[in-house]
Amino acid sequence: SYSSVMAAYARSKDVDKAEALLCRMEQNRDSGSGVAPDTNHYNTVIMGYAQGGSAEAYEKSLAVLDRLENVDNIKIKPDCYSYSHVLYALSRTKKRDKAVISAKMLERMKERGIKPDYICYGSVLNACAFTTTSPKDSDEFKREVFDVARDVFTEMQHSDKVRMTDRMYVSFFRCCDRFLPHNDDVTETLISAIFSKCCQDGLVSGHVVRELMIGNGEMKYKSRAINKTVLKGLLGDYCHDDGEGHWIVNMDSLPKEWGKSLRRKEENKLHISPGKSEQDNNL
């Protein structure tokens with residue numbers, strides 16, 4: 001069948017052939033003969049391009065989504081899956097404005113009555129967290145990226161389609177560190193409030209603590225968006241001085257309730273997969 005052949009092409013990263021089959025099915029539809037494509041056929045091609053890792057992954061997956069949006073059939077329309085893969089591909093580009101584009105894509109799907117899921121929101125947060133920056137960036141540019149992250153993070157906390165994870169907190173803390181002023185009272189107050197919410201949600205993992213510190217097994221303090229006094233206030237007696245000017249956190253000493261909602265026990269330990277980028281480890 002068309003579906004199985006297209007899926008095989010997509011899995012083998014020969015997505016252009018999958019799209020060629022899609023084009024043939026579109027011709028069938030237009031001529032009124034043969035098998036016409038449905039939403040799943042379009043999604044197979046969108047997913048293939050988005051996960052293929054090519055430099056044109058975002059542009060190609062977006063082009064197929066545009067075609068799907070314009071199909072003149074009420075039964076054949078994009079779903080959450082369609083947008084989530086395009087957002088994923090966008091988050092991995094080097095586009096300087098990918099945060100704003102991602103936010104517009106969320107609005108685009110919501111205008112069609114489609115509620116974003118955790119993959120959609122997570123991709124937008126990653127687009128913000130991994131936006132390419134320059135020393136010449138204006139405060140306005142940084143604030144624009146952070147505003148997208150803040151709005152999306154707030155929205156996802158109130159969504160009935162999203163189950164919060166530690167990685168979502170990781171991405172937001174990274175945005176705070178990259179786009180807000182360091183050693184600033186407002187920044188530190190915000191980070192403290194978000195960390196408290198993370199504790200309440202039971203999602204304090206090694207990945208979360210790493211965003212506040214830098215570590216090697218046990219984690220040593222690194223100057224980031226918060227100072228040592230605030231960091232000590234967040235972690236309390238679970239953070240101690242090693243006698244050489246560094247503070248160390250032993251993850252096993254943290255309160256059990258701080259990690260009660262982690263899906264796997266391993267998520268409460270620091271683990272970075274060898275050979276993967278920071279963004280890969282944050283998905």
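Tutor: What follows is a short walk through the overall fold and then some of its salt bridges.

Student: What helices and strands does the protein have?
Tutor: This is a predicted model, and in it the protein has 13 helices and four strands. Buried residues make up 48% of its 283 residues.

Student: Why can side chains pair at all?
Tutor: Side chains of opposite charge can pair when their charged atoms come close. In this structure, a search of the whole finds 20 salt bridges, and one of them joins the side chains of E59 and K95, with 3.5 Å from N to O. That pair links distant parts of the chain, since E59 lies in helix α4 and K95 in the loop between α5 and α6, 36 residues apart.

Student: Which residues are linked with R108 in a network of salt bridges?
Tutor: The network links R108 with D66, E69 and R112. Within the R108 and E69 pair, the closest N and O atoms are 2.6 Å apart, and R108 in helix α6 is 39 residues away from E69 in helix α4. R108 is partly exposed at 25% relative accessibility, whereas E69 is buried at 15%.

Student: How many residues apart are D147 and R143 in helix α8?
Tutor: They are four residues apart, which means a separation of about one helical turn, and their salt bridge has its closest N and O atoms 3.1 Å apart.

Key:
Residues numbered from 1 in each chain as written. Predicted model: local features only at pLDDT ≥ 70, side-chain atom pairs only at ≥ 80, totals over all residues. Heavy atoms only, no water. Helix = DSSP H or I, 4+ residues; strand = E, 2+ residues; numbered from the N terminus. Buried < 20%, exposed > 50% of the residue type's maximum accessible area, 1.4 Å probe, protein only. Salt bridge = Lys/Arg side-chain N within 4 Å of Asp/Glu carboxyl O.
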